[in-house]
Amino acid sequence: MFKLNLKIAFRNLYKNKVYTAINVAGLALGLGGFIFILLYINYEKSYDTWDKDLDKVYQVQELDLFSLKEGKAEWWGESDGRLMEMMKTSLPNVAAVTRVFESGREEALVIDDRAPFFINNIHKTDSAFFSVFPYKFLYGNPATSLKNLNDMVVTEDFARKYFGDTNPVGKVVKLTSQSWVTPTTPYTITGVIAKPETPSVFELSVLIHAPVYKFQDQILSFWPTYVKFNSIQSEKEISQSLQKIYEPFRAAMLKKWKWSPAEYLKNGNKPAVRLKSFYSVHQYPLQQEDWFTLLKPILLLSSLLLLISIINFINMFTAQAVSRAKEVGIRKVTGATRASLIKQFLVETALQCFCALILGIVLLELFLPYLNKEFSLSLSITGSFNIGLVSLQLIVLVTLITLLAGIYPAVFLSSYSPHHVLKGNFSHGKKGSKLRVILVGLQFVIAVGFFIGIMIVSGQIKYMESRDPGFDPTGVIYLHVPMIKIHADRVRNIDGVKYFGVNNGNVHRNPKLTANYKYNNEVKELATVFVNIDGLQTVGAKLLSGRFFDRDYKQDTSSTVIINEGLEKLYGGNMTGKYITYKNDSVRVQVVGVIKDIQVAGFDKVSPPTIYTASKFNATWYPNEEFINLIRYEHRKEKQVLADLTKLWKEISPQYPLSFTFLEHDFKKLFIAHERFKQMVKLFSFLSISLSMIGLFSLAAFMTRQRTKEIAIRKVLGADDKDIFFLLNKSYLWLMVGANVIAWPLIYIAVQHWLAGFAYRIEMPVLPFLMAFIVSILATALTVSVQVRNAVKSNPVQALKYE
Amino acid sequence: MIELKDIEKYYASKGVKSYILRHVSTTIKQGEFVSIMGPSGAGKSTLLNILGMLEEPTYGSYSFMGEDVTTLNERKRIELYRNHIGFVFQAYHLIDEMTVEENIEAPLLYKKVPGAERRSRVADILDRFNMVAKKDLFPNQLSGGQQQLVGIARALVAQPSIILADEPTGNLQSAQALQIMELFKKLNEEEGITIIQVTHSEVNAAYGSRILHLLDGVIKEDVNL
């Protein structure tokens with residue numbers, strides 16, 4: 001029976017080739033998107049599951065003692081380094097304790113006599129690392145690697161890249177952490193580890209055994225610390241044991257230092273530590289959104305897409321009802337039960353879903369390289385380490401979709417009574433059409449929403465890209481390691497270099513310095529940016545009134561400031577020439593210029609009211625040391641300038657190459673996330689709109705076929721094409737009006753929410769709403785008319801025959 | 001009023017022509033009541049469809065009210081439907097979603113008759129057919145005979161000069177059939193409406209003034225009663 005059903009299913013699908021193709025293609029699109037999300041979820045879920053022993057590893061977390069966020073202390077993944085020794089001796093069941101942290105800066109590595117190159121993810125750890133994290137060794141021995149200071153372990157990828165297929169163990173390489181400051185240190189490679197099977201929070205390439213700082217009084221040092229126990233522990237119990245050790249230790253320390261974090265204690269916070277499983281480090285990261293929160297919008301989008309394609313499927317399938325009615329009647333007469341009919345239709349659905357799945361996988365496989373690149377992922381379907389899991393999920397997914405898409409059409413089709421069907425003059429009536437109208441309406445609510453959404457998103461992004469950021473990022477580079485003063489003039493003398501400056505608050509370094517200033521007897525805490533005399537011209541700041549700092553004015557390095565537009569507004573207008581005081585009125589500085597707000601961080605946030613100072617001694621606690629790092633040059637001489645600069649750098653710092661970034665690249669990077677979001681919404685809009693069109697098309701086909709008799713009668717009564725045309729279009733147009741009316745408030749709220757994330761944003765435009773309305777009406781009329789045309793052109797005799 | 005010359009209709013399939021009508025030539029004058037008779041497959045319905053311009057003949061010429069309508073453009077044909085031809089079907093073919101009154105009103109809407117006149121004409125015809133009480137019912141709430149009365153009322157409301165009826169009583173009991181035939185006869189005699197009906201029944205045919213006997217697509221007999 002099943003074989004027969006399958007055979008009939010194949011024949012039916014083949015008979016309605018076009019419908020089948022559209023059905024399967026639509027579903028494949030929806031499924032492809034969803035499988036992508038599925039792969040992504042699997043990928044994220046698999047973080048750090050590469051060894052069973054990792055279940056016994058826990059991260060030590062400590063409550064932040066120094067700052068509160070909205071009155072509450074925050075947990076951090078770093079803890080006091082002094083705890084390490086205490087845990088080893090006092091916690092029960094501890095197998096090993098280690099610390100590991102990423103260097104966070106570019107370090108230059110020299111292998112043999114080759115040119116130095118940068119690595120920016122050097123992990124610094126101690127000798128216990130491999131006792132806690134059971135990496136597999138290709139060369140070397142986990143017990144002895146990293147045993148000594150200046151031992152180095154590299155990953156297989158790194159080894160292959162720089163040493164080819166030879167065993168690098170025993171090689172000595174030279175590492176320079178930072179130009180000018182630290183000397184070059186030789187490291188011995190003692191092992192090569194295999195890449196773990198799953199992604200990990202440690203993005204390793206090079207691990208070094210770094211020296212431990214000696215603890216001095218009054219110095220706190222916080223490290224990411226990991227504890228491995230002999231067996232799996234209860235987080236709560238071990239956290240309590242640790243807290244018992246920690247509390248007296250911290251209390252004694254605070255007492256000794258005579259330091260009481262009063263505000264902190266006032267809010268009912270108390271110093272605390274806890275242990276969290278290593279697995280949770282990636283799943284529930286502290287201080288940032290976890291991956292699932294970030295995934296939510298995409299998950300929503302792809303679910304909507306899948307929903308639309310399932311609706312299409314239902315519509316298409318029931319649209320064939322007319323041609324299947326007779327078959328149902330005859331089957332029933334020859335003894336088929338309703339259940340067996342439902343089964344038969346479900347088999348057909350399953351077959352199509354399966355085809356769609358295969359097609360969806362093929363589609364995804366084609367686009368995966370692009371998606372991986374775009375979202376910097378490394379997802380794969382076939383090469384997946386958990387191919388079994390993926391297959392199981394896909395089977396469940398297809399079954400679910402089969403039921404979701406198939407149950408209604410199956411029940412609907414199998415409900416025909418043979419008595420009516422076989423009488424010959426079978427009229428379908430309006431049975432079941434209401435649901436389909438609602439479903440198509442729903443599709444259009446989604447499609448209209450997407451349409452409006454993408455228009456507003458594009459509008460906002462265009463607005464940001466064209467808005468004046470208050471500075472000119474073209475022709476400026478910033479050096480990752482600031483040049484010391486003694487070499488600065490040599491840089492200034494390079495042909496083509498216009499300014500060599502510093503702008504510490506805006507670009508790259510220390511962006512969050514603040515100080516208290518008094519004006520008009522009012523003390524305000526304001527953002528403070530260190531520049532040198534050339535600092536503002538270097539970034540291309542735009543003067544609104546007054547002047548820039550200038551070497552000709554001696555006072556500019558001691559008693560003048562420049563403020564931004566935002567601050568002038570805050571102070572109530574025209575500030576040039578006015579005086580501001582700080583440090584309890586002991587210092588008085590004059591405002592010599594007002595510049596446009598510099599939007600170096602993009603337009604998401606308001607650029608704060610800011611004071612620019614070129615004085616070494618200023619309102620903050622920090623001296624303005626003028627580490628010069630910004631170079632503005634003539635853009636047409638870029639090549640020459642960079643070549644000269646590289647040459648100069650090589651001469652003064654042979655072990656640590658020049659490393660810099662174009663300010664323009666950095667600034668453009670701010671828009672990448674938005675641009676990517678736009679592309680994604682665009683893709684989803686395109687898919688959802690085309691799928692909805694297909695849905696509408698099939699509904700129109702179905703409804704028109706249902707009304708053939710009526711149309712024929714009307715025609716012989718004297719209705720002309722226009723009348724019929726209007727008659728058939730009317731209901732769909734109302735449907736569109738309805739979909740628009742429902743979609744508007746929903747998308748309004750969603751877009752409003754999105755726009756609220758930008759400090760500088762467009763006003764909610766009306767045009768997209770009107771456009772969506774007009775376009776949806778036109779598109780509907782067009783889609784429906786293609787169907788209606790056939791009905792209008794058809795000969796009424798066919799429909800009115802009585803046979 | 002109607003002049004058919006050498007009408008032929010055939011379907012060609014795989015090189016073999018299967019004829020439905022062959023060399024049909026006849027003239028029907030204004031005010032005649034013609035019954036087309038013949039066994040199943042004789043081509044009665046096809047002939048009626050050709051007369052109603054629902055189908056085109058493969059060959060031959062057809063003139064309606066002195067105008068050659070053998071091949072007629074859409075607009076012109078619709079014009080004829082609106083003003084001169086009323087159809088009555090065996091299966092009534094009322095629009096299920098409309099009430100009796102709305103069904104009758106439909107042709108007038110297409111004829112663009114103004115509202116007031118439309119209402120009065122519909123009321124008039126409802127009155128004539130004794131259906132005022134049923135005007136708000138839907139077709140499926142009526143008996144077959146009543147439905148057919150609505151069908152005829154609908155055909156008449158546009159004041160056609162000819163009614164084409166395809167087995168108008170085929171689905172009805174004999175008592176109801178008689179009633180319909182009486183009505184046709186009355187319309188024919190009192191209002192001078194030309195009626196052409198296809199029928200199997202000798203009894204029904206006897207109401208008319210002329211019978212065309214069709215056999216295998218050929219007019220075998222043309223009897224004036």
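With 21 C-beta neighbours inside 10 Å, B:Met53 counts as buried. Here a residue is called buried if 20 or more other C-beta atoms lie within 10 Å of its own, exposed if 12 or fewer, and partly exposed in between, with C-beta atoms placed from the backbone. B:Met53 sits in the loop between helix H1 (44-51) and strand E4 (59-64) of chain B. Helices (H or I, at least four residues) and strands (E, at least two) are DSSP runs, numbered from the N terminus. The phi of B:Met53 is near 60°, a positive value in a residue other than glycine. Most residues other than glycine have a negative phi.

## How to read this model

This is a predicted model, in which local features need pLDDT of at least 70, side-chain atom pairs count only at pLDDT 80 or more, and totals for chains, interfaces and linings use all residues. Residues are numbered from 1 along each chain as its sequence is written, while chains are lettered from A and ligands numbered from 1 in the order in which they are written.

## Chain A as a whole

Chain A holds 23 helices and 25 strands. Its C-alpha trace spans about 105 × 70 × 60 Å along the principal axes. Of the 803 residues of chain A, 37% count as buried.

Two residues are in contact if their C-beta atoms, placed from the backbone, lie within 7 Å. Among contacts in chain A between residues at least 6 apart in sequence, 83% join residues at least 24 apart.

## Two domains

Chain A is divided into domain 1 (52-283) and domain 2 (476-664), with bounds that come from an automatic or database domain assignment. The C-alpha centres of these two domains of chain A lie 36 Å apart.

Where the domains touch, 11 residues of domain 1 of chain A are in contact with 8 residues of domain 2 of chain A. On the domain 1 side, strand E5 (107-111) and strand E10 (172-176) of chain A each supply at least two residues. That side of domain 1 divides into 5 nonpolar, 4 polar and 2 charged residues. For these classes, Ala, Val, Leu, Ile, Met, Phe, Trp, Tyr, Cys and Pro count as nonpolar, Asp, Glu, Lys and Arg as charged, and the others, Gly among them, as polar.

## Where the chains meet

The contact between the chains takes 16 residues from chain A and 16 residues from chain B. Helix H20 (708-716) and helix H23 (796-800) of chain A each supply at least two residues of the side that touches chain B. H20(A) gives the most to that side, with 5 residues. By class, the side of chain A that touches chain B has 8 nonpolar, 3 polar and 5 charged residues.

## The nonpolar cores

A nonpolar core is a set of buried Ala, Val, Leu, Ile, Met, Phe, Trp, Tyr and Cys residues joined through C-beta atoms within 7 Å. The largest has 139 residues, and those with the most contacts inside it are A:Val448, B:Ile36 and B:Leu164. Leaving aside neighbours within four places in sequence, A:Val448 is in contact with A:Ala739, A:Asn740, A:Ala743, A:Ala772 and A:Ser776. A second, separate core of 49 residues includes A:Tyr519, A:Leu526, A:Ile533 and A:Phe667.

## A helix with a bend

Helix H6 of chain A (residues 235-256) has 22 residues and reaches 31 Å from its first C-alpha to its last, close to the 32 Å expected at 1.5 Å a residue. That expected span is 1.5 Å times one less than the number of residues. H6(A) bends by about 25° at A:Tyr246, and a proline, A:Pro248, follows within four residues. The bend is the angle between axes fitted to the seven residues ending at a residue and the seven starting there.

The buried residues of H6(A) are A:Ile238, A:Ser239, A:Leu242 and A:Tyr246. An α-helix has 3.6 residues a turn, so residues three or four places apart point the same way. After H6(A) comes A:Lys258, whose phi is positive, near 50°.

A:Asp585 has a positive phi of about 70° although it is not a glycine. You will find A:Asp585 in the loop between strand E21 (579-582) and strand E22 (587-595) of chain A. With 8 C-beta neighbours inside 10 Å, A:Asp585 counts as exposed.

A:Thr185 is in strand E11 (residues 185-193) of chain A, and it is partly exposed, with 16 other C-beta atoms within 10 Å. Apart from neighbours within four places in sequence, A:Thr185 is in contact with A:Asn150 and A:Leu175.
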